[in-house]
Amino acid sequence: MTRQKSFIQKIKGGSPLLIKGTLTFRVGFFTLLFLTILAVLEPYINNHLLKGHSSTEFGLFPKLLPPSFEHPLGTDHFGRDIFSLQLTGLKYSLIIGLLAGGIATLIAVIIATASGYLGGKVDRILNAMTNSVLVIPTLPIILAIAAYVRMNLLMMSFTLAAFSWPWPTRVIRAQILSLKERPYVDLAKVSGLNSFEIMFFEILPNLMPFIGVGFANAIIGAMIAETGLRLIGLGPGDIPSLGLLLFWSMGFGAIAQGYYQMVLAPAAFLISIFISLNLINVGLEEIFNPRLKKVTGL
Amino acid sequence: MISKRMIKYISVKILVYLVTLFAAFSVVFFFLRLIPGDPVSRFIRQIEQRYSIQLAQVTREIIAEYKRKFGLEGDILTQYISYLRRVFLEFDLGPSFLNFPNPVQDLIAWRLPWSIGLLGVATLISWIIGIIAGTLVGWKRGSKVDSIVFGISLCMSQIPFYLLALFLVMFLAYIFAIFPSRWAFSPTVTPGFNLAFISSLIYHATLPSLSLILISSFGWLISTRSITITTLGEDYLLFAQAKGLRKFRILNRYILRNILLPQTTGLAMSLGFIVNGFYLVEWIFSYPGVGTLLVQAINALDYNTVQGVILTSIFTVLTANLIIDLVYPLIDPRVRSE
């Protein structure tokens with residue numbers, strides 16, 4: 001319990017909104033927080049802007065209006081408000097990213113604890129498996145599955161998770177191996193805790209920040225794959241994530257016809273998600289791996 | 001000459017390579033067979049829907065013949081064995097739908113050199129740039145240049161290649177029409193070993209490779225920088241500086257050597273990830289490589305070609321990994337020594 005407290009204390013200062021940490025972590029955290037709030041508020045904002053209609057509904061407005069006060073990014077070739085579409089896309093991209101990343105992290109924690117704790121042959125085999133999946137180009141396989149199997153949100157998240165667990169697994173396994181050798185684990189053994197208790201009460205609390213790093217990694221991996229497969233039009237057509245918005249714009253020929261905002265907007269949202277996740281990732285390592293703080297120097 | 005340790009090292013690497021290859025191919029086979037329905041029936045259904053026709057009973061017999069051709073006869077174990085025999089012994093990936101009845105391996109063979117050429121050059125350039133820049137930035141750790149470059153790298157390194165490719169197409173091929181937006185060479189030049197063709201080749205490869213180099217280099221920079229800073233803290237480096245060795249010699253002999261080892265392993269580890277992102281870049285630029293073929297095949301539901309591209313990609317990446325593993329002893333004396 002005391003250790004968990006210190007973990008939270010390390011991230012937060014006195015007030016809950018005053019995030020200490022490094023500059024890297026703060027920039028990433030607040031960017032992601034802002035995007036998440038936008039995504040959470042999406043139903044209300046769109047309800048207000050579209051008066052109860054869905055942002056994907058065709059012909060709500062005249063086609064291809066230029067940006068104006070009512071339509072900050074204009075409307076697209078189906079008469080949809082581009083700004084509202086971005087918010088919906090942001091929401092779905094984040095949901096899929098969080099779901100897939102969460103499942104992948106769960107798989108990673110299970111594999112890494114099994115690998116780190118059982119050690120020996122099990123560890124070697126699991127590690128070889130992790131490295132193989134990491135080395136193999138998996139996108140063609142994901143594309144093939146998405147092309148042949150009818151997908152829904154959950155199915156999609158599981159498919160993405162099935163190929164993005166190796167990143168968090170490596171991070172978490174390395175940390176477990178290092179934590180296992182710490183003196184307080186020996187002390188816990190001497191004081192008669194069984195391996196289950198050691199795993200849950202001694203190692204897991206100290207593992208939390210690295211599970212966080214793994215989670216951020218998994219979300220990045222899953223979202224890169226998700227956007228990639230949506231970019232070529234695969235996946236559920238009724239779940240308009242930012243990748244699918246890009247596909248619609250490209251299919252319309254938005255770049256060639258000069259409607260740049262149709263491509264720029266989803267791309268900019270995606271890039272800010274990726275950057276903020278990476279900053280959180282590096283920031284967490286800086287906070288909890290003080291040896292690295294010297295290295296990153298920010 | 002070649003020590004016992006080297007022989008052991010090499011044979012272990014080759015054995016691991018073969019086992020991984022076999023395992024990956026088997027997993028891919030069963031994974032793809034988990035998909036309900038068989039590819040030939042699906043393809044026929046797609047034709048029926050697209051042209052709204054019903055194929056007569058006679059054609060059903062032809063379909064059965066096609067299934068035999070595609071290795072879809074018998075139970076899954078029979079299919080698996082015939083698949084292994086065809087892929088590993090006959091190097092036959094089956095006929096393609098896209099270009100029937102040409103076999104998939106012919107389609108891929110024409111496109112693979114384009115992909116390997118572009119990807120190989122771009123990856124090597126970004127690796128070298130990243131290592132050189134990372135060493136210099138790490139050497140100047142704590143300076144203004146360091147924090148600016150490092151900050152930019154943190155932002156750039158995790159952007160997927162295809163998103164940057166979209167930006168490059170938009171800005172450099174459309175808004176400022178400086179570079180071509182598609183294909184690998186201009187239609188006016190004749191392919192061959194002449195200056196016009198080669199310059200057209202480089203001209204067309206600029207944007208696709210830039211989308212990889214601009215992102216990958218920053219990734220290599222970050223890891224190189226952290227290795228450099230760790231190395232700089234070592235005692236032997238302090239000693240080298242105290243001895244009064246020149247900066248270049250320290251960088252070259254003491255730091256670069258320590259960087260090359262982990263970064264070579266890193267290169268091997270990240271190849272699969274790079275290929276993933278690169279395929280979509282190829283498709284964005286309609287580059288005549290394997291990635292573009294993959295997207296075409298997926299849109300046409302061409303099962304054999306999709307499977308062929310998956311297997312070829314895995315085979316190529318694993319082989320590149322093996323080559324890196326085998327070159328590794330050249331730069332790491334510890335593996336060589338008796």
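This is a predicted model: local features need pLDDT of at least 70, side-chain atom pairs count only at pLDDT 80 or more; totals for chains, interfaces and linings use all residues.
**View 1. Stacked pair of A:Phe58 and A:Phe78.** Over all chains, the structure holds 17 aromatic pairs. A:Phe78, at a relative accessible area of 31%, is partly exposed.

**View 2. Edge-to-face pair of B:Trp114 and B:Tyr287.** The centre-to-centre distance between B:Trp114 and B:Tyr287 is 6.0 Å, with 80° between the planes. B:Trp114 lies in helix α5 (residues 104–139) of chain B, whereas B:Tyr287 lies in the loop between α10 (247–284) and α11 (290–299) of chain B; the pair thus joins distant parts of the chain, 173 residues apart. B:Trp114 counts as buried because its relative accessibility is 17%, under the 20% limit. B:Tyr287 is likewise classed as buried, at 3% relative accessibility.

**View 3. Charged side chains over aromatic rings, one in chain A and one in chain B.** A:Lys91 is placed over the face of A:Tyr92, at 5.0 Å from the ring centre. In chain B, B:Arg225 lies over the face of B:Phe150, with a distance of 4.0 Å from the ring centre.

**View 4. The largest cavity and an aromatic cluster of chain B.** The structure holds three cavities of 30 Å³ or more, and the largest cavity contains about 120 Å³ of space. Its lining comprises 15 residues, with B:Arg33, B:Phe70, B:Tyr83, B:Arg86 and B:Gln307 lying nearest the centre. Two or more lining residues come from each of α1 (4–34), α4 (76–89) and α12 (303–331) of chain B; α4(B) gives the most, with five residues. By class, six lining residues are nonpolar, six polar and three charged. B:Tyr83, one of the residues nearest the centre of this cavity, also belongs to an aromatic cluster with B:Phe29, B:Phe30 and B:Tyr80.

**View 5. The second largest cavity, with a volume of about 80 Å³.** Residues lining the second largest cavity include A:Asp76, A:His77, A:Arg80, A:Trp248, A:Met262 and A:Pro266. In chain A, α4, α11 (242–252) and α13 (261–288) each supply at least two residues of this lining. The lining divides into six nonpolar, three polar and two charged residues.

Terms used. Residues are numbered from 1 along each chain as its sequence is written. Chains are lettered from A and ligands numbered from 1 in the order in which they are written. Side-chain values use heavy atoms; hydrogens and water are left out. Rings of Phe, Tyr and Trp (its six-membered ring) pair if their centres lie within 6.5 Å; planes under 30 degrees apart count as stacked, over 60 as edge-to-face and the rest as tilted. Buried means under 20% relative accessible area, exposed over 50%, partly exposed in between (1.4 Å probe, protein chains only). Helices (H or I, at least four residues) and strands (E, at least two) are DSSP runs, numbered from the N terminus. A charge sits over a ring if NZ of Lys or CZ of Arg is within 6 Å of the ring centre and within 35 degrees of the ring normal. On a 1 Å grid over the protein atoms alone, a cavity is a set of points where a 1.4 Å probe fits but cannot get out, and a pocket is an open set with protein on both sides within 12 Å along at least five of seven lines; lining residues have an atom within 4 Å of a point. Grid points are joined across faces, edges and corners, and a volume is the space filled by probe spheres set on the points. Ala, Val, Leu, Ile, Met, Phe, Trp, Tyr, Cys and Pro count as nonpolar, Asp, Glu, Lys and Arg as charged, and the others, Gly among them, as polar.
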